[in-house]
Amino acid sequence: MTEATWERRHVLSLADFTAAELETVTQTAVSFRDVLSRRTRKVPALQGLVVTNMFFEPSTRTRSSFELAAKRLSADVLNFAPGTSSLTKGETILDTAKTYLAMGTNLMVIRHQDAGVPQTIADEMDRLQSGVGVLNGGDGLHAHPSQALLDLFTLALSLNPDQPTSQALAGLKIAIVGDILHSRVARSNLWALTACGADVHLAAPPTLLPPGFAEAFMRQSPLPIHRQVVQHSRLAPALENADFVMTLRLQKERMTQHRLPSLREYHAEFGLTRNRLNACEPNVKLLHPGPTNRGVEISSDLMDDPALSLISEQVTNGVAVRMALLYLMGVGKGE
Ligand code: NCD
């Protein structure tokens, strides 16, 4: 198993991930995918370690996937649910994190509706010299690194099922369509995809993709960017000759104003339908991080078409990729 390019204690964002690190995660996930296809589906890699899931915001896939990944690595798993916790009695998030530290937690997976919470907890864990690694399970609009890494792995696997590599993305055109403004998934994908040499085309109505968004976002990059990110206020130019199309959910819970005339109108302008895919490359494949609004951002028949949709593969691959992350962050933390 490759650990050559791995120095990180925390994974909070992909902004500063190098192509080599992305490939390390990809190759480690390849090994764990093999483990998951075996009869026992379990390895003792993190035996004795405690992984705590702290999800302050609803989640189906990410939370369950991290839990299963930790269990497949033989770690002990604690699941924190805010509604039934001492948070309801006024305990602060940092005190909650310290409580789990006192129970011997080695790795924390944190999701929160506010950007920066995983970073704050990571800083506190470092200040206490705890050695705990913090993994961002999605924070506000900021980042969702494990989702972008599983998307990357799914793309690599789709391009070359026998020898998946993130390097195969170089030169491809990937369209990301939908509620980009509210999407931490889109933001994390922008870092990962461009680092692998793909061209990313964003498409959304201007209320969900303000003019200058892509340029301003990519200007924050701590690493040199070699690929361009192009934004469109119409769907057609983004789909033209695209190798992959990723659609995003309309995040109604994060919309502070009425940003769309109606869902029906959105579907008419930006919804993915079979007809519209004719403009893409003949072998185009579709991704969606889930959860989906069927018939809004993507038509129901496309979602369920195994020849086109990688959506359930994304979910399956999520376990191997999260095993890879927990493994890379966790080795050496045990005895
Ligand atoms: C995404 C999230 O929570 O950021 N979902 C996920 O983790 N699979 C995207 C979304 O909520 O639309």
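Okay, let's start with a cysteine: C280 is buried, at 7% relative accessible area, where buried means under 20%, exposed over 50% and partly exposed in between, with a 1.4 Å probe and protein chains only. C196 counts as buried too, at 8%. And disulfides? The structure holds 0 of them, taking a disulfide as a pair of cysteine sulfur atoms within 2.5 Å.

Quick caveat: this is a predicted model, so local features need pLDDT of at least 70 and side-chain atom pairs 80 or more, while totals for chains, interfaces and linings use all residues. Numbering runs from 1 along each chain as its sequence is written, and side-chain values use heavy atoms, leaving out hydrogens and water.

Now the inside. The largest nonpolar core has 93 residues, and among those touching the most other members are F32, I176 and L326. By core I mean buried Ala, Val, Leu, Ile, Met, Phe, Trp, Tyr and Cys joined through side-chain atoms within 4.5 Å. Helix α11, residues 311-330, gives the most to this core, 11 residues; helices here are DSSP runs of H or I, at least four residues. Where does this core lie? Between domain 1 (19-143 + 315-330) and domain 2 (146-314), because both give residues to it; the bounds come from an automatic or database assignment. A second, separate core has 14 residues, including M108 and V134.

Last, the lining of the largest pocket. Domain 1 and domain 2 each supply at least three residues of that lining.

Methods:
Helix = DSSP H or I, 4+ residues; strand = E, 2+ residues; numbered from the N terminus.
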